[in-house]
Amino acid sequence: MYCTIFGAFGVYEPFLSVFLATVKGFALPQVGFLVAIPPLVGFMSSTTWTTFADAHSSHLTCLFGAGIASIFCMILLWLSSSFIQTALMLALFSFFRAPLTPLLDTTSMRVLRSDTKSYGRLRMFGGLGFGLFAFVVGNLVDWFDFRLMIFCYIFCMSIFVYLVSVLGKIDKSLYKSDSKLQERRIGKRPSILSLLQRRDVLLFVVTEFFLGISHHTITNFLFLYLAGTLGATKTLMGVMIAMSIMSEVPVFYFSPQLISRLGYDKMIIIAHGAVIIRLLAYTLIGTATLALGIQLLHGLTFACMWAAAVVHANALAPPGQEATLQGLLTASFTGLGSATGSILGGIIFQNLGPILLYRMAAAVVVLSLGLFVWGRRKN
């Protein structure tokens with residue numbers, strides 16, 4: 001399931017800005033506005049969907065429905081013509097796409113039951129699926145144009161929603177809550193505010209927000225920096241994507257042992273340290289080729305953090321609010337963190353340059369690390 005859903009993400013996410021600029025013919029300022037829509041809409045929709053799923057014990061139903069709806073919205077996005085139509089369709093698509101990851105992660109936690117530390121071994125296939133389909137579409141899109149992107153998304157997402165329906169038939173308990181959880185829901189709908197009033201949850205969300213800023217500063221501006229300043233070729237950038245994806249695999253695979261031996265706190269501290277080193281290293285290289293080695297840190301900066309964060313979110317959540325907390329994780333990291341990193345990063349990149357941008361991002365991560373260590377000691 002992770003392979004197919006992240007395969008669907010991989011066929012459009014790396015190429016969205018190119019699609020909007022070349023196929024739709026929008027100017028760069030318009031493209032910048034459109035690209036900012038998914039994380040902003042996702043910030044709201046991921047928590048909306050997951051809170052609803054927790055309140056009505058409808059995680060698989062929501063997962064199935066959002067997957068189907070995203071297929072139709074992708075088709076409408078392709079058919080849109082004007083800028084307003086495209087913005088509306090992209091917002092609608094993002095509304096249904098954003099909750100897919102937290103809902104799937106919540107379902108995985110329920111399937112794994114007492115073995116939630118093995119989550120990383122499931123998520124590992126997500127990276128492989130993303131990398132495989134991004135590679136295929138990237139190499140074939142010049143031959144078949146961007147309709148291939150739409151067809152591949154429909155293909156991957158259709159398989160995913162079919163697997164969701166099969167999973168529900170195999171394990172019908174995934175559609176149900178036990179009687180105690182059902183009693184908790186009567187008269188008390190899961191509330192995001194009730195979670196954020198807890199100091200440990202608030203620290204968790206704020207930490208993921210800062211890490212989201214740094215992560216998306218890297219992903220959104222690295223190739224602009226390497227190509228524009230250091231003359232990186234498309235081939236080199238393709239190899240860098242493959243290396244970053246492959247660096248996730250061993251970290252996700254061994255994440256059960258890492259979580260057992262190190263625990264959440266140490267894994268998040270390691271992720272902070274790796275992000276700081278990675279950001280500063282990019283500012284010190286003289287040739288784009290040296291960035292290949294730095295890309296291997298992606299396994300620590302993302303996979304190490306994400307495996308620990310998803311498992312920790314599941315442990316933090318009160319019974320009946322597991323999906324809500326997974327939604328907050330997604331909203332803070334890929335929603336608000338992504339939007340903030342993209343918007344502020346673009347302004348700093350344009351006015352102060354990439355070197356200062358990455359050094360400022362490293363300073364933000366240092367601040368986040370200090371806040372995290374202080375907060376965990378207080379807790």
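Which residues does threonine 116 touch, not counting residues up to four places away in sequence? Select Met109, Val311 and Asn314: these are its partners, where contact means heavy atoms within 4.5 Å.

Before going on, note what is on screen. This is a predicted model, with residues numbered from 1 along each chain as its sequence is written. Local features need pLDDT of at least 70, side-chain atom pairs count only at pLDDT 80 or more, totals for chains, interfaces and linings use all residues, and side-chain values use heavy atoms, with hydrogens and water left out.

**Stop 1: Thr116.** Threonine 116 sits in the loop between α7 (100-112) and α8 (119-144). Helices (H or I, at least four residues) and strands (E, at least two) are DSSP runs, numbered from the N terminus. Threonine 116 is buried, at 14% relative accessible area. Buried means under 20%, exposed over 50%, partly exposed in between (1.4 Å probe, protein chains only).

**Stop 2: Phe333.** Now select helix α17 (residues 322-352), which holds phenylalanine 333. Phenylalanine 333 is buried, with a relative accessible area of 2%. Leaving aside neighbours within four places in sequence, its contacts include Glu208, Leu211, Phe302, Trp306 and Ser338. The C-alpha atoms of phenylalanine 333 and histidine 215 are 8.7 Å apart, although 118 residues separate the two along the chain.

**Stop 3: the nonpolar patch.** Select Phe72, Ile75, Leu76, Leu79 and Leu92, which make a nonpolar surface patch of about 450 Å². Like charges are joined within 9 Å, nonpolar side chains (Val, Leu, Ile, Met, Phe, Trp, Tyr) within 5 Å. Areas come from the Shrake-Rupley method with a 1.4 Å probe; for residues, only the protein chains shown count as cover. Helix α5 (residues 59-79) gives the largest share of the patch, 4 residues.

**Stop 4: helix α6.** Leucine 92 belongs to helix α6 (residues 83-97). Leucine 92 is partly exposed, at 34% relative accessible area. Among the buried residues of α6 are Met89, Leu90, Phe93 and Phe96. An α-helix has 3.6 residues a turn, so residues three or four places apart point the same way.

**Stop 5: confidence.** Colour by pLDDT, the predictor's confidence in each residue, from 0 to 100. The protein chain averages 86, and 93% of the residues score at least 70. Among its elements, α6 has the highest mean pLDDT (94), helix α10 (residues 179-185) the lowest (46). Over residues 178-187 the pLDDT is below 50. Beyond near neighbours in sequence, this stretch has 10 contacts in the model.

Methods: Patch = residues over 30% accessible without salt bridge, like charges linked within 9 Å, V, L, I, M, F, W, Y side chains within 5 Å. Salt bridge = Lys/Arg side-chain N within 4 Å of Asp/Glu carboxyl O.
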